[in-house]
Structure formats: structure tokens, C-alpha cells
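Please look over the sequence and the model before reading on.

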Amino acid sequence: MKELTKRQYEVFRFIESYIQKNSFPPAIRDVSDAFGISVKGAYDHIDSLQKKGWIKRSANRSRSMELLTHSEPEEPQPELVAVPLLGDVAAGLPLLAEENHEGRLDLPAAMLGKGNFFGLRVKGDSMQGDGIYNGDIAIIRQQRTAQNGDVVVAMLGDSATLKRYYLEKNRIRLQAANPAYPPIYTQEIRILGTLAHLIRNYN
């Protein structure tokens, strides 16, 4: 049996559930409505299920789908992306960035979206007002530019820090989210990326 894509698996399970509930199979329109897709899109998924040997149906009759349940489809696993974990970043005073690989994080591609990513472990409490705490792992989307208000990883000399970025008239302000830490003002920084996700271990 050929493996199913995630959507094909979902359509198969919908057909299975529909038959169990109603004692007859859904029409193509039922599949279309259930998934918010076009009738053509629903037809294509059903056609793929038939070609892969998971259902059979008659082209001349409506509601003719029949499950071929001689085996159980496996739910597709999400595609994973290896995100390197590069060390610590200061969420307080800037801390020397240790850009040696400590390991990697395998994260779902669908969660990350497009781009290249790296992970940094947060140290300090200067961003706790934004819900970023000591020990969190910040997943950073690599990019060299940022918009005002973005949470960025910025290099100041040989040190990296995690702050909110603001471009002012004659300077750049890196703003903490804790009143105990004053803003950092500078005219020269190198942006490594912007915060995309946080990973927190509650154990």
C-alpha cells in the first residue's frame, strides 16, 4: 500500500467516520464542504486514495465509495527541520555569544515556515515583560534587517543580546522588557535575526 499525504490521511479518516455515523459513504460535495476545498480538490484527493488502493468507487454512481480496510493507514509524520542550537544569548546585559553547536532541535517545518533558523538559550530576565524567561530557547529566523518593535538578536561588538529593536532619528535603541534594565543606545549593530518562536521546558 502506498503511503498517504497528511491531507489524504485526513480525507480517508473523514470518509471512515462518515460511513460509521451514517451507514453510507459521503458524496464528493460532503468532502468538499468538510475541508473547505473545491469539489475538484476533493475529487483529486478521493482519486488519489483510489489509485493508492485505500478505497474503491464507481464512476457512474454517487456515494459509491468503499473503504478497503485490509490494512490501517499510518498517520503521516510532520516533516522536521534540524535547527542548530548555538549557545547562549543575554536577555540582560550583553553576553559573549558562544557560536559553537551545542546540538540541534528537530522542529516541524510547518511550524517554522520559510527561512533559515537557529536556536539560542536565553540567559537573564530583561525580557520577562514579553514573556521571555531565563532558560527559554529562542528560535531565531535569520535575517539582517528588522522592523521597529521586533524582538531581535543583535551583535554589539563580540556580544549578542536579545532585545526589542527601534530605529530612532540618529541612533538605534535596544529596549528591554523589564524596567530594571535601561535601554541600550548604539549606532552600530549587526542584526542576526528576529524572534520566531519560544520553546520552554516546564520540568
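The notes below cover the first helix, the residue that follows it, and the nonpolar cores.

This is a predicted model, in which local features need pLDDT of at least 70, side-chain atom pairs count only at pLDDT 80 or more, and totals for chains, interfaces and linings use all residues. Residues are numbered from 1 along each chain as its sequence is written, and side-chain values use heavy atoms, with hydrogens and water left out.

**Helix α1**
- Helices are DSSP runs of H or I with at least four residues, strands are runs of E with at least two, and both are numbered from the N terminus.
- The 17 residues of α1 should span 24 Å at 1.5 Å a residue, and the end C-alpha atoms are 24 Å apart, which agrees; the expected span is 1.5 Å times one less than the number of residues.
- Buried residues of α1 include Q8, F12 and I15; buried means under 20% relative accessible area, exposed over 50%, and partly exposed in between (1.4 Å probe, protein chains only).
- The buried residues of α1 pack against α2, α3, β1 and β2, where contact means heavy atoms within 4.5 Å.

**Residue S23**
- S23 lies in the loop between α1 (6–22) and α2 (28–35).
- Just after α1, S23 has a positive phi of about 70°.
- S23 counts as exposed because its relative accessibility is 67%.

**Nonpolar cores**
- A nonpolar core is a set of buried Ala, Val, Leu, Ile, Met, Phe, Trp, Tyr and Cys residues joined through side-chain atoms within 4.5 Å.
- In the largest core, of 17 residues, V89, V122, V153 and L162 touch the most other members.
- At least two residues of this core come from each of β3, β6, β7, β8 and β9.
- A second, separate core has 13 residues, among them L4, I15, I46 and L67.
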